[in-house]
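Trainee: I would like to take a close look at a single part of this protein, and then see where it sits in the whole.

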Amino acid sequence: MAKQRRTIPENFHEKIFALLYNRDAMPEAQVASRLAGSKAPTKALYRSLSELRRDGWLVRDFEGRLTVSTRVGALRVNPRGFGFVVSADYPGDDVFVPQRHLLSAAHEDRVLVWVRRVAQSPGPEGRIMDVVERAHTHVVGRLDHAGRSGGWRVIPRDMRQPLVWVSRPRDKNWHSGLIVTCRITDWPLDPKRPVRGEVEEILGEADAPGVDIRALMVDRHLSPRFPPEVEREAALLPGEVREADMVGRADLRSRFIVTIDGSDAKDLDDAISVERVGDGYRVGVHIADVSYYVREGSALDLEARRRGTSVYLVDRVIPMLPERLSNGIASLNPAIPRLTVTAWMDLDSRGRRTGARFTRSVIQTRHRLTYDFVNQVLAGTEKADEDLTQFLHLAEEVRQHLKAIRVQRGAVDFDLPEAKVVLNAAGHPVDIVPRSRGLAESIIEELMLLANEAVAGELIRYQLPGLFRVHDEPGDDKMDQFRELIGALGYRLPNPVTPKSLQSLLNEVKGRPEERVINSALLRSMKQARYGPVNTGHFGLASEEYTHFTSPIRRYPDLWVHRVLTQYLGQGLTSEDRERLELIVAEVGESSSAREREAMEAERDSVQMKEAEYMRDHLGEEYHGVISGVANFGIFVELPNLVEGLVRLEDLPADHWSFDPIHYRLTGDRTGRVFQLGQEVDVVVAAVDVPLRRIDFQLKLPAAPPQKKKRARRRR
């Protein structure tokens, strides 16, 4: 009869961990003695230690000393209950945590995990021993009354968050089904004890307009409101430019200067001028002088630094600066004076920069143009006055030269269409269309890139403590994986990789079914651009000198660059100024990079939420799509409207499916059927979870041909 294995009590695990955590390794005899206390260690104690060693929870070195292996990282909880602890110090080596070992840790908490290696397992396993930092102090969810004798509770929209019990309502309007925000007041480590909190705000009925996005804002810690001291400072700003504000500035109010933005834009922070000079050109990029109004160290400045960036959700903007600034005195509204910082760039006949200079200025734009209008004028389908028409065609001529230079040096130009969700007046999605991008958008992009490079060169030339926009070369591991992916689709990439070779690949796949798959995969393989005090170049743009200068209303690094540049242009930077700025510039770069990533995630979440809401109205409908991702748990399919959903492994045709991570395909062992990246398939919308932004598809496969019945053989 097989020997039954003893179960080591949970409290013994905790005692062992408490003894060995954060200490030097101990001899096993000393560990046993400490655990036994005043008594002599027993055989059972040594047996338990032996089992913990065998199971991998204890690490024994060559001298026989014991220790525990631990990590601190961010917990990512799967909706199915288990989680993974992710740490930047161990890339690609995430720690799997079974549900029973999650303690009371919630999604995105920073946790201390006890790690062990398990034989024949793809990665380490762990158990959470402590919550270092809670990621969320609030939960957004549905208010629910648990029967006559029960209390009130908040059922989270994101099931990875805890259910929270709340005190009795004071508001008689409370009823089950309301969406509320709840502040957690008691979050015990013991998962058997209830999490308790207080309802802070009733957002409204679940289907009320805007409630879903407001809930997302709470989840993402985004507030449209500014602290009182910030609002007080903003209220003291002038409503218009005064004569005293223009002293010492270049007066450009008579110049032909225009803004070109989206039709719904209100924070207009860049304007352009273009003129022919001899056989070359002079380009003026005029940027709102936000640093004139936002003084260093002020409440406005500190709040802008904390926010880092404006956040553009699907139906609203969470601004970095109060509206009195962003849409008012700093916005380059037409036909009124506005303070700016101007970058003048001289170009030769082929668009190569021959000189650059910078000055504080005052402008008065002639026109507030939209992308759609400019595109129509350039296409000849819309009329404009002669001066404006000539101006736009000259700007387009400059754009062609600048674009050709970028292509020649090998800049990577991702042509990834973005989804635009069309909402009705109630905030409900009624359509999803690709976002268009024409010549007008390209004109502004090229001129802004030109100015950003010129300003970066100035910062470097005079060794100013600026912030640079840096983009490092992709790592070898990521590029090797990308090579395997495109190799499975019949493409090759040289080694070492260069921006020009990547652009050649993108040109090769243009217009083919696998174009978006390869574009998306390459984008994921690239390192994320960031802000830093040292210029190391921008790989994707193939630019040796690059910064962000052109959007100080909505990006703090641009505001920082303005402040440094204008201070240098004015009275100059003293040694004390340089020392003060150099002490904090790296920290500002790191925080701005983090805020940018958070903003991008929030923006993506808001779009995906509305995409899920749109697809919920199309349950059961059929679509033709392309496989955009393959994993061991299923295949991702992208539809023509750019919505992506998952066909789960269990919903594939009955078979034993083998996952090939090198060629990104699933193969049925019995039938030989293959699903691989870039393959076109037909799907049906099967299920949608709007709060989790999850869309499930099922494959629509051709019916199997009827099998011929075998004739029964006659017995002879």
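Which strand do two bridges join to β1, and how do the two run?

Mentor: Before we look, note that this is a predicted model, in which local features need pLDDT of at least 70 and side-chain atom pairs count only at pLDDT 80 or more, while totals for chains, interfaces and linings use all residues. Residues are numbered from 1 along each chain as its sequence is written, and side-chain values use heavy atoms, with hydrogens and water left out. The partner you ask about is β3, residues 65-67, which two bridges join to β1 in an antiparallel arrangement; a strand here is a DSSP run of E with at least two residues, numbered from the N terminus, and two strands pair if DSSP finds at least two bridges between them. Within this pairing, Met 26 stands opposite Leu 66 of β3. Both strands belong to an open sheet of three, whose order is β1-β3-β2 and whose pairing is antiparallel. Its edge strands are β1 (26-27) and β2 (59-60), each of which pairs on one side only.

Stepping back to the whole, the protein has 16 helices and 34 strands, where a helix is a DSSP run of H or I with at least four residues. Its C-alpha atoms fill a box of roughly 100 × 90 × 65 Å along the principal axes. Of the 716 residues, 48% are buried, that is, under 20% relative accessible area with a 1.4 Å probe, counting protein chains only.

Key. Buried < 20%, exposed > 50% of the residue type's maximum accessible area, 1.4 Å probe, protein only.
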